[in-house]
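Me: Could you walk me through how to read a cavity and the ligand inside a model? I would like the general idea before each case.

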Amino acid sequence: MDIKQLNAFITIANHKSFSAAAANTGLSQPSLSRLLKQLETEMEVELVDRYHRPLHLTEAGMFFYDKISAILTEIETVTSMTQRLSAPSSVLNIGFVPSVLYGLLPEIIAMLKQSSPDIEVNLKDISSYQQIDALKSGEIDIGFGRFAQKDPWTQQILLRHERYVVALSKAHPLADVQEQRLIDLANNRLILYHQTHLPIAKNLLISPKVSKASLRSGKNKSESVDNPISTNEPVTEPLLHLFAQYGVSPYMTTPVSDLQVALGLVAAGEGITLVPASLKTVRTEQISYQRLIHEDVTSPIYLHTLKDFIHPKIPDLLAATYRVYEKRGITYRKQKFES
Ligand code: BEZ
């Protein structure tokens, strides 16, 4: 059995046709068919049912496909990591989610360039979840994201928790209230902009009944934990999750494609939203940003990197981040990479 045969099997399975697989790989149809036959003969197992169109995998073929595609992805990751290890470059590819670009990222990069003038930085806008695949494929060397990830090939360090602020149109009746409570915002349309949802939260379920009750009684977070919430919908949308922690279900929601669009709708008086505090310089002519009294309504910032290969410039980037925090008096806990 060799990698050529395995790749031929995966491509045929993905395209469900010899001709489409051939067009995709640059191999001829007879070559692909021969590679698959060799694999099946060596294994003494029929993997593809050739008598139906589009082609089907046999039950054994489906099992083999699941397992072998994971192994081939690992081989690609290891190959790409080994190449990077043997020739580390002075180019640092950084993935980021948009909300960190509005915040300290430009200042951190300027600080990095002061200490490493030879460095070349490329910035790529990539969601927190996609950063993991991008790290493995070598598309990025480091990612700044807002969600914790579990992956055997990567590690993350928590840089800090950033507080959320509420964004309201300047014409909103609460626009000048400086300390806001989530419960007082519940009667507004909440604009949702996260593309990434939280992993299923086992203990936190939201119920309109509890939300209405808590709205009337003004229950706080600890009270809502005492009062078990009863429908079976886990709250995985990040902003709704924050409201749900306080037993609040906003009266109406509007999902949009990104943060900029959300702030555009807020500016137009279409609703309110919560954003990390570093966004409060955006559209200040139309939007008022106010603090929330809840200290735990925060958005974490994580730095993601590979476990077994740390680009040589990453420690400098982390040091530059900490220097910016110190300069601005931001609270953080120093962390180190596993190596
Ligand atoms: C921060 O706001 O803490 C931050 C932003 C971008 C990169 C790293 C940290």
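Me: How many nonpolar, polar and charged residues does the lining of the largest cavity have?

Reply: Start with the classes: Ala, Val, Leu, Ile, Met, Phe, Trp, Tyr, Cys and Pro count as nonpolar, Asp, Glu, Lys and Arg as charged, and the others, Gly among them, as polar. A cavity is a set of points, on a 1 Å grid over the protein atoms alone, where a 1.4 Å probe fits but cannot get out; lining residues have an atom within 4 Å of a point. Here the lining has eight nonpolar, four polar and three charged residues. Do keep in mind that this is a predicted model, where local features need pLDDT of at least 70, side-chain atom pairs count only at pLDDT 80 or more, and totals for chains, interfaces and linings use all residues. Residues are numbered from 1 along each chain as its sequence is written, and side-chain values use heavy atoms, without hydrogens and water.

Me: Where does the ligand sit?

Reply: A molecule sits in a cavity if more than half of its atoms lie within 2 Å of its grid points. In this model the ligand sits in the largest cavity.

Me: Which polar side-chain atoms lie by an oxygen atom of the ligand?

Reply: A polar contact is a pair of N or O atoms within 3.5 Å. Arg160 places a polar side-chain atom 2.6 Å from a ligand oxygen, and for Tyr325 the distance is 2.4 Å. The protein buries 100% of the 260 Å² that the ligand exposes when taken alone, with accessible areas from the Shrake-Rupley method and a 1.4 Å probe.

Definitions and conventions: Polar contact = N/O pair within 3.5 Å; in protein donor to acceptor, adjacent residues only side chain to side chain. 1 Å grid on protein atoms, 1.4 Å probe; cavity = no way out; pocket = protein on both sides within 12 Å on 5 of 7 lines; lining within 4 Å.
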